[in-house]
Amino acid sequence: SAVDPAWRRGPRSPGAIVPLREAPGPEREEFRPRIVPYARDPNKPHRKVLRTRYIQTELGFHERLFVAVLTSKATLNTLAVAVNKTVAHHFPRLLYFTGLRSAKVPHGMVLVAHGDERPIWLMYETMHYIHQHFGSDYDWFYIMQDDTYAQAEQVKALVTHLSINQDVYLGRAEEFIGGDEQARYCHGGFGYLLSRSLLLKLHQHLDSCRNEILSVRPDEWLGRCIIDFLGITCTSQLQGQHYHTYELAQNAKPEKEDEEEFQVALAVHPVSDVTLMYRLHKHFSRIQLDRAYREIQDLQMQIRNLTSLTPAGEAGLTWPVGINAPFLPKSRFEVISWDYFTEQHLFSCPDGSPKCELSGASKADVSDIIESALEQLNSRYQPLLRFSKRQLLNGYRRFDPTRGMEYTLDLLLEAVTQKGHTHVLVKRVSLVRPLSKVEIIPMPYVTEATRVQLVLPLTVQDLDFVANFLDMFAMNTLDTHDNALLTLLFIYHPYDAQRVSQVDVFAAVKAMVGELEKRYAEVKIPWISVKTEVPSQVKLMDIVSKKHPVDTLFFLASVWTEINMEFLNRCRMNTISNWQVFFPVHFQEFNPALVYHGEQAASSSTDFLRDGRFDRHSFAEACFYNSDYMTARTKLAADILDQDEMLESMEVFDVFLHYSGLHLFRAVEPGLVQKYALRSCNPRLSEELYHHCMLSNLEGLASRSHLAMALFEQEQANST
């Protein structure tokens, strides 16, 4: 195989590894790396070497395949949409090209409009656009029409077996009308494949081809251009790979096409209407599925045959064959629990309640797994027996991260024999929904340079913890010159607000802020005063939101939070404008009086693995952009109208959950540590918020073992 052209690059960073090409042997070429010593020229000024963010960029790796679909005014909203719904999501990058001017783009499609519907001009502009925008990013370019059905997986498999160092013009070879018998062009209706090296050479001749070559068909024009200026003719097979095509007859029915040529075709043409496109997709999907099942059966048979030769013998054969063995816990703390369910209810609910109604995705999952179980039973015992479900007696499921979702079902079945006799029996079946191929979800690019605006709400009950918060903020952000600002939100009770001119309950905090501003001359810490009896998180955020720009990245903090640079960077990376908000689950330390019995804690202040727990009941900390909050808040306002009392029962998390289409990223955050403190739970908040606050206090006291030891010592003391 050839070496990727990414090796051939310009200036490299100090100490970079580059290949040394030896004299080619009779059979193959060998490449060995050598170290290039770095010697700086003393006569030239020293420049800092800038490294790319990703290794792939520095090595010059390319994406594999780019697909261009040529469409028109008549077929943009029909065949082009059908292509987009059937095969577009199987290709890594697909664009549609048309000659329309200011065309209306159907949903989910990326359209490039050239503004000229002449076929030759459209082809010329398309090739020029592909070279200009994607020529340096992809190795292969596949050009097809919207009346072509292409098997995406087969096309992708084809390019993986071709060398990228050759000039490739691959498709269905056709003779020119009245032309050279040896020359061939690739028929555009069946699609054709161009290599990057050919595209780079062809680009400099496109203008000459446009002016000198006359043709009615754009595929003929392109083929003549490649032949005349590059001397390369279209071929249907290359490097042992065949480009199979099939020409559909008029009124053809894909379901009845049984020719071998049709079954192995990479591209089918012409597709006359949308319905035929979907029927072709269904037919070829079924062929691929049947092929996959046959391959699975063959692999399972090979595994069974080889298992007897292993040290464990047939006892080492796992079920299902070819799937990872179940996870084996090494202690009772690693045991994966089973969730019990029936057809109506689930007995392990997300909110912690013992019983809840089976609905949504869980209901669809249970229905699908029961249907699959019946299908497997009937396929195994027919025609002797035919099963039908009467009732699901018991259902159990658990997620095993090593293999997937496991199910155990106790089914009450009715079995009918060939003679029509009916029997009722109970049968236990086990099923596994294995983990399939892992896919990388594309995410918008973010950096760690974004400024974070910390917002700290404070009540009178929080005064004892403010000094520690400000000290940690100064040490971890101001001393390190981190790009972070702080805004304090003083929440006055109406009684304290009336006496603020005589006695300001936040006077000590304001004095601390003044000391910080004197110590750090370039830092300003503003504060906002609010008077309320019920400090609703949403109402407070409304006030803060109006005083900051829309592109502000907020971190809604609590007074017990220990701010550090590590977490602030994760706040920046996990929060994406118009895409994702981040709600970290902080680590809550246990009560030291119960854990250490008055002794000094053994762990250091820099070690977060101290006795404690991740507080999943708290949603106080959040990272989000102001623009995203304002959008969700606008939808909330339209929903509740003037019922402001509903805001008292909501948190910012609820606003994003119910009134935004953003991703809510909720994850444990080991860099966000809070020391133990007994929270003050406001009974005037909603029942749910008050309940979460009380649970957080109770579960944050100590672990079960520490609580048991405290009770034991108390009983011992009482008995004596």
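Q: Is Cys186 buried or exposed?

A: One compares the relative accessible area with a cut-off, and under 20% counts as buried. This is a predicted model, and in it Cys186 has a relative accessibility of 0%, so the residue counts as buried.

Q: Which residue does a disulfide join to Cys186, and where in the chain do the two cysteines lie?

A: A disulfide is a covalent bond between the sulfur atoms of two cysteines. Here the partner of Cys186 is Cys234, with an S to S distance of 2.0 Å. The pair links distant parts of the chain, 48 residues apart, since Cys186 belongs to strand β10 (residues 184-186) while Cys234 sits in the loop between α7 (218-230) and β12 (237-238). Cys234 is buried as well, its relative accessible area being 4%.

Q: Why is the disulfide of Cys186 and Cys234 called right-handed?

A: The handedness is read from the torsion about the S-S bond, which for Cys186 and Cys234 is about 95°, so this disulfide is right-handed.

Q: How many disulfides does a search of the whole structure find?

A: The search finds four disulfides. Among them is the one that joins Cys349 to Cys356, with an S to S distance of 2.3 Å; its torsion about the S-S bond is about -110°, so it is left-handed. Cys349 has 10% relative accessibility and therefore counts as buried.

Q: Which parts of the chain does the pair of Cys571 and Cys623 tie together?

A: A disulfide joins these two cysteines at an S to S distance of 2.2 Å. Cys571 lies in helix α15 (residues 565-574) and Cys623 in strand β28 (residues 622-625), so the pair ties together parts that are 52 residues apart in sequence. The torsion about the S-S bond of Cys571 and Cys623 is about -125°, so this disulfide is left-handed, and both Cys571 and Cys623 are buried.

Q: Turning to a residue of another kind, what does Ala267 touch, leaving aside residues up to four places away in sequence?

A: Contacts are read from heavy atoms within 4.5 Å. Counted in this way, Ala267 touches Tyr142, Thr148, Tyr149, Ala150, Phe190, Tyr243, His244, Thr245 and Tyr246. Ala267 is found in strand β15 (residues 267-269), and it is buried, with a relative accessible area of 0%.

Note on methods
Residues are numbered from 1 along each chain as its sequence is written. This is a predicted model: local features need pLDDT of at least 70, side-chain atom pairs count only at pLDDT 80 or more; totals for chains, interfaces and linings use all residues. Side-chain values use heavy atoms; hydrogens and water are left out. A disulfide is a pair of cysteine sulfur atoms within 2.5 Å. Helices (H or I, at least four residues) and strands (E, at least two) are DSSP runs, numbered from the N terminus. Buried means under 20% relative accessible area, exposed over 50%, partly exposed in between (1.4 Å probe, protein chains only).
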